[in-house]
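Please open the model in the viewer and display the chain together with the ligand. The stops below say what to select next and what is found there.

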Amino acid sequence: MSKQKTVFYCQNCGYQTSKWLGKCPSCEKWNSFVEEVVKTDDKHAYSKNVSAKETVEAHPIQEVAYSTEIRLNACNGELNRVLGGGIVPGSLILIGGEPGIGKSTLMLQVALNINAKVLYVSGEESSQQIKMRADRLTIKNPACYIATETSTQNIFQLAEQVTPEVIIIDSIQTLHTEIIDSSAGSISQIKECAAEFQRYAKLTGVPVFLIGHITKDGAIAGPKILEHMVDTVLQFEGDRNYGYRILRSSKNRFGSTSELGIYEMQNSGLREVSNPSEILISQKDQLLSGTSIASTLEGMRPMLIEIQALVSSSVYGTPQRSSTGFDLRRLNMLLAVLEKRCGFRLGAKDVFLNIAGGIRVDDPAIDLAVVSAILSSNADIPVDAKICFAAEVGLTGEIRPVNRIENRISEAGKLGFEKIFISKYNLKGLDIQKYNIDIVPASTVENVFSRLFG
Ligand code: TYD
Ligand code: MG
């Protein structure tokens with residue numbers, strides 16, 4: 001019988017000690033240590049080939065050749081984009097998201113469409129349940145193998161039988177490895193299972209996707225160390241009440257982290273959205289006050305979004321301020337700027353702000369559109385539907401320049417807008433003639449107000 005050893009793990013960050021501690025010295029969280037049993041004979045499930053390799057070599061960097069063609073096409077444009085142009089062989093990709101957001105659907109859809117042999121292993125659903133879901137999606141790939149399994153040793157055995165070109169694991173939290181005694185989902189299990197798949201991916205060159213659940217505060221459940229072990233971390237997010245889902249990468253060893261993919265959840269699965277602006281701007285026949293359009297960037301991707309504001313007299317003593325999809329503190333700041341610097345009396349008004357489509361935007365370049373929507377609702381005069389905005393508002397009420405203004409202007413032009421308000425400081429080096437849209441430079445909020453509402 002092997003000797004048993006116990007170790008205390010911080011459930012928050014994965015810090016390891018030999019005795020219990022009240023406070024984690026690494027992440028400073030209280031009461032986060034849990035005792036887990038590990039066996040001392042440290043043999044790994046997928047390590048047999050490691051010791052077999054006898055010669056070690058180093059090469060001058062000029063002599064190392066690789067081909068850019070080598071990436072595997074995921075047959076899913078948005079996923080390819082987020083990964084940086086396809087799946088890199090031998091990479092370990094972690095995809096996280098809240099329950100019910102569509103992680104299993106996305107990965108199953110990839111498995112059913114990709115032009116390669118896939119092994120899809122679920123620890124959560126039976127083969128019949130997976131088949132039921134697959135029938136709602138379209139099945140194009142005849143070489144999609146499914147299995148229900150939670151033991152990593154069995155999964156590697158399956159992989160040897162099937163010889164897949166891609167492996168998908170539906171949830172790392174359900175896996176367990178025999179060499180560790182603690183229960184599935186515990187820190188030491190997650191760490192070890194991920195390490196086994198990392199070794200497998202690197203040795204065989206087969207890319208592995210790991211689906212991971214996230215905790216209440218949005219971190220991938222399990223130690224932070226999991227994010228260090230994998231090559232790419234993708235987050236799948238979106239509001240469950242709206243159909244839109246956003247896939248972004250928070251770490252990518254083989255591409256930029258500023259790309260993002262957009263999907264729409266439909267009855268027949270996830271549809272790729274290649275022109276996001278169309279869905280984010282509501283189509284209406286009647287021009288109403290309180291809406292304005294901002295040209296924003298999500299990562300590298302320009303898109304136009306609709307801001308809706310409602311300003312009404314407050315019924316209670318303390319006016320209410322509420323915002324969806326936009327930082328409430330930033331809204332309060334903009335209201336204070338309007339009050340103090342520009343003399344608009346909003347102190348006794350309720351202000352509600354909403355970004356259409358249920359998305360969240362952190363881009364400061366939507367400030368001017370937010371201010372315009374508020375002023376439009378306050379004055380009850382609509383903003384012309386052919387006008388959009390791309391500028392930040394400073395604490396003094398000045399209109400500040402924003403980054404990548406060329407992308408924002410050309411996207412607005414492409415979508416048929418006729419006028420875009422930008423900061424006059426953004427004009428430097430800008431070739432106005434190049435765009436098929438009127439560029440209106442502005443310096444202060446009053447300036448914009450008088451041009452919009454006369
Ligand atoms: P799922 O992929 O099971 O989520 P996760 O694995 O992230 O927990 O997604 C489930 C949701 O997606 C469920 O609420 C139903 C919805 N859905 C559709 O709307 N259309 C579909 O074709 C499928 C398969 C699921
Ligand atoms: Mg799932």
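This is a predicted model: local features need pLDDT of at least 70, side-chain atom pairs count only at pLDDT 80 or more; totals for chains, interfaces and linings use all residues.

Select T177 to begin. T177 counts as buried because its relative accessibility is 0%, where buried means under 20% relative accessible area, exposed over 50% and partly exposed in between, with a 1.4 Å probe and protein chains only as cover. T177 is placed in the loop between β7 (166-170) and α6 (187-204); helices (H or I, at least four residues) and strands (E, at least two) are DSSP runs numbered from the N terminus.

Residues are numbered from 1 along each chain as its sequence is written, chains are lettered from A and ligands numbered from 1 in the order in which they are written, and side-chain values use heavy atoms, with hydrogens and water left out.

Zoom out to the whole chain. The chain has twelve helices and 21 strands, and its C-alpha trace spans about 85 × 50 × 50 Å along the principal axes. Of its 454 residues, 49% are buried.

Next, select ligand 1. Which residues are closest to ligand 1? Among the 16 residues that surround ligand 1, the closest are G100, K103, S104, T105 and Q266; a residue belongs here if one of its heavy atoms lies within 4 Å. α3 (103-113), α4 (127-136) and β11 (260-266) each supply at least two residues of this shell, and α3 gives the largest share, three residues. By type, the shell around ligand 1 divides into four nonpolar, eight polar and four charged residues. Here Ala, Val, Leu, Ile, Met, Phe, Trp, Tyr, Cys and Pro count as nonpolar, Asp, Glu, Lys and Arg as charged, and the others, Gly among them, as polar.

Show distances to ligand 1. A polar side-chain atom of R133 lies 3.1 Å from an oxygen atom of ligand 1, and a backbone N or O atom of I101 lies 3.4 Å from an oxygen atom of ligand 1. An N or O atom in the side chain of R136 is 3.4 Å from a nitrogen atom of ligand 1.

Move on to strand β21 (residues 438-442), where D438 is placed. D438 is partly exposed, with a relative accessible area of 46%. Select E418 as well: 20 residues separate D438 and E418 along the chain, and their C-alpha atoms are 5.8 Å apart.

Finish with two backbone angles. Most residues other than glycine have a negative phi. E28, although not a glycine, has a positive phi of about 60°. E28 is found in the loop between β2 (16-17) and β3 (33-39) and is exposed, with a relative accessible area of 54%. D380, also not a glycine, has a positive phi of about 55°. D380 is found in the loop between α10 (367-379) and β17 (387-390) and is exposed, with a relative accessible area of 57%.

Conventions: A polar contact is a pair of N or O atoms within 3.5 Å; within protein, one must be able to donate a hydrogen and the other to accept it, and residues adjacent in sequence count only if both atoms are side-chain atoms.
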